[in-house]
Amino acid sequence: MRKSGPPKGLISYLVLELLDERPRYGYELLGEITEISGGHWEPSYGSVYPILYKFEEEGVAERVERDDEPDRKYFALTDAGREELAEKRREIGGEAREFGDVVLGFYHLYAALATDGRFEVDDADADWGFSERYSAWVVEQMIRHHERDFDEFERIDASPEEFYAEADGSEAADADGSDASDAEGSEGASGAEGSSSGAADD
């Protein structure tokens, strides 16, 4: 369960990936991140530029002068920045569940504002509202994006607790399987090569 918003370091990671692609300036990064989110999330100006200046101070990024845009502050990734990016990829790779918690958490809040009698949100004079119709639209969009980016949507009949338990069990089994395979491979190598060691292959 998360106790705040998006996972820590997300914006820094996205900035590093985009700078690794090519030099960019602050507002360009904001636009790119907004586009990646499908236009539904944009980090603030006050969050991106401090990251760029911090990266510059730490030698992770450097300013790039452009003759065609002399007044615009472009930033490019340095070698140290590429090392930082490799570390950030590992960090973000381990936070997939936290991303899922953010998505589920805000959807639950959205549905609660539509259904929980403790909340009395006024209907806005606009196209949007907290209702079954708009809840269904949100879910529909998620399914469409899933099918666009992955494959045909198939429902998973499991509660969060059941799903997490199954996922944790799969990860543990994979780890055990890898260890067993490594052990079997080492034994096989030892048997085939007699006294020679397989340590150099690690």
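What relative accessible area does Lys54 have?

Modeller: This is a predicted model, and the values below are computed from it. Lys54 has a relative accessible area of 46%. Residues under 20% are called buried and those over 50% exposed, so a value in between is called partly exposed. Lys54 is therefore partly exposed.

Next comes its partner. Lys54 forms a salt bridge with Glu58, and the closest N and O atoms of the pair are 3.0 Å apart. In general, side chains of opposite charge can pair when their charged atoms come close. Both Lys54 and Glu58 belong to helix H3, which covers residues 45-58. They are 4 residues apart, about one turn of the helix. Glu58 has 45% relative accessibility, so Glu58 is partly exposed as well.

The side chains of Arg97 and Asp168 meet with an N to O distance of 2.8 Å. Arg97 is in helix H5 and Asp168 is in helix H7 (residues 160-193), so the pair links distant parts of the chain, 71 residues apart. Arg97 is partly exposed, at 37% relative accessibility. Asp168 is also partly exposed, at 36%.

A further pair is Asp149 with Arg148, whose closest N and O atoms are 2.8 Å apart. Asp149 is at 46% relative accessibility and counts as partly exposed. Arg148 is at 59%, which is over the 50% cut-off, so Arg148 counts as exposed. Salt bridges can also share partners: Glu21, Arg22, Arg24, Glu28 and Glu32 are joined in this way into one network. In the whole structure, a search finds 18 salt bridges.

Charged pairs are one kind of surface feature, and a nonpolar patch is another. Leu113, Phe119, Val121 and Phe130 form such a patch on the surface, and together they have about 300 Å² of accessible area. Val121 sits in the loop between helix H5 (96-115) and helix H6 (132-149). At 39% relative accessibility, Val121 is partly exposed.

The sheet remains. It is an open sheet of 3 strands in the order S1-S3-S2, with antiparallel pairing. Strand S1 (24-25) and strand S2 (61-64) are the edge strands, as each pairs on one side only. S2 pairs with strand S3 (residues 74-77) over 4 bridges. Within that pairing, Val64 has Tyr74 of S3 as its bridge partner, and Ala61 has Leu77. S1 is joined to S3 by 2 bridges, and Tyr25 has Tyr74 as its bridge partner in S3.

Helix H1 (residues 10-21) packs on this sheet and touches S1, S2 and S3. The direction of H1 makes about 90° with that of S3. The side chains of S3 point two ways: Tyr74 and Ala76 one way, Phe75 and Leu77 the other.

Note on methods
Residues are numbered from 1 along each chain as its sequence is written. This is a predicted model: local features need pLDDT of at least 70, side-chain atom pairs count only at pLDDT 80 or more; totals for chains, interfaces and linings use all residues. Side-chain values use heavy atoms; hydrogens and water are left out. Patches are made of residues with over 30% relative accessible area and no salt bridge: like charges are joined within 9 Å, nonpolar side chains (Val, Leu, Ile, Met, Phe, Trp, Tyr) within 5 Å. Accessible areas come from the Shrake-Rupley method with a 1.4 Å probe; for residues, only the protein chains shown count as cover. A salt bridge is a side-chain nitrogen of Lys or Arg within 4 Å of a carboxyl oxygen of Asp or Glu. Buried means under 20% relative accessible area, exposed over 50%, partly exposed in between (1.4 Å probe, protein chains only). Two strands pair if DSSP finds at least two bridges between them. Contact means heavy atoms within 4.5 Å. Axes are lines fitted to C-alpha atoms, for helices over the stretch in contact, and angles run from 0 to 180 degrees between N-to-C directions.
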